[in-house]
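Work through the exercises below with the model open. Try each task before you read its solution.

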Amino acid sequence: MSTTTRRANATLWIVQSLLAALFLYAGGFKLVTPLAALAKLSPFPALFLRFVGICEVAGALGLILPGLLGIKRGLTPLAATGLVGIMVGAVTATIASLGVLPAIFPFAVGSLAAAVARGRWSRTVRLPN
């Protein structure tokens, strides 16, 4: 493995770890918060937010566990792609309710998830020539 490949792999692992921590926190919050409290925090239905929390936790686990365990590594770019979809929704909802400036953070998180999806896709899937 070349130095560039090692450095790219290390960078992807760092970004994956940070994203996993972020999504575990956000998703875990949505899972443990009572439905009545969730309903007060957002214009979306509380059960929808609970579903998003489940998806975030599953995506966070999908970013880390396949590479850590060495099993089904192709699931990592799929998990990252799913998290990109969640962040597209977050950006859209944030722009609609709060404006453009607060949407910068979910946009940045979605961009990092897209970078992980692209980076891991090119490292796990080998297409025939």
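## Exercises on a predicted model

The largest share of the nonpolar patch, four residues, comes from α3. Keep in mind that this is a predicted model.

**Exercise 1. Which residues make the nonpolar surface patch, and what is its area?**

Solution. 
- Step 1: List the members. They are Leu-24, Leu-61, Leu-65, Leu-68, Leu-69 and Ile-71.
- Step 2: Read the area. The patch covers about 570 Å².
- Step 3: Leu-65 sits in helix α3.
- Step 4: Classify Leu-65. Its relative accessible area is 36%. Buried needs under 20% and exposed needs over 50%. Leu-65 is therefore partly exposed.

**Exercise 2. How many salt bridges does a search of the whole structure find? Which side chains meet in a salt bridge?**

Solution. 
- Step 1: Count. The search of the whole structure gives one salt bridge.
- Step 2: Name the partners. The side chains of Glu-56 and Lys-30 meet, with N to O at 3.0 Å.
- Step 3: Glu-56 is in helix α3 and Lys-30 is in helix α1 (residues 3–32). The two are 26 residues apart, so the pair links distant parts of the chain.
- Step 4: Check the cut-off. A salt bridge requires the nitrogen within 4 Å of the carboxyl oxygen, so a distance of 3.0 Å qualifies.
- Step 5: Check burial. Glu-56 and Lys-30 are both buried.

**Exercise 3. How many residues does α1 have, and what span is expected?**

Solution. 
- Step 1: Count. Helix α1 has 30 residues.
- Step 2: Compare spans. From first C-alpha to last, α1 reaches 43 Å. That is close to the 44 Å expected at 1.5 Å a residue.
- Step 3: Look for buried positions. Those in α1 include Leu-12, Val-15, Phe-23 and Lys-30.

**Exercise 4. Where is Ser-42 found, and is Ser-42 buried or exposed?**

Solution. 
- Step 1: Locate Ser-42. The residue is in the loop between α2 (35–41) and α3 (46–69).
- Step 2: Apply the cut-off. Ser-42 has a relative accessible area of 17%. Buried means under 20%, so Ser-42 is buried.
- Step 3: Follow the side chain. The Ser-42 side chain reaches the backbone nitrogen of Phe-44 at 3.1 Å.

**Exercise 5. How many aromatic pairs does the structure hold? Are the planes of Phe-44 and Phe-48 stacked, edge-to-face or tilted?**

Solution. 
- Step 1: Count. There is one aromatic pair.
- Step 2: Read the geometry. The ring centres of Phe-44 and Phe-48 are 5.6 Å apart, and the planes lie at 45°.
- Step 3: Classify. Stacked needs under 30 degrees and edge-to-face over 60, so the pair is tilted.
- Step 4: Phe-44 is partly exposed at 36%, and Phe-48 is partly exposed at 40%.

Methods
Residues numbered from 1 in each chain as written. Predicted model: local features only at pLDDT ≥ 70, side-chain atom pairs only at ≥ 80, totals over all residues. Heavy atoms only, no water. Buried < 20%, exposed > 50% of the residue type's maximum accessible area, 1.4 Å probe, protein only. Polar contact = N/O pair within 3.5 Å; in protein donor to acceptor, adjacent residues only side chain to side chain. Patch = residues over 30% accessible without salt bridge, like charges linked within 9 Å, V, L, I, M, F, W, Y side chains within 5 Å. Areas by Shrake-Rupley, 256 points an atom, 1.4 Å probe, with all protein chains shown as cover. Expected span 1.5 Å × (residues − 1). Phe/Tyr/Trp six-rings, centres within 6.5 Å; stacked < 30°, edge-to-face > 60°.
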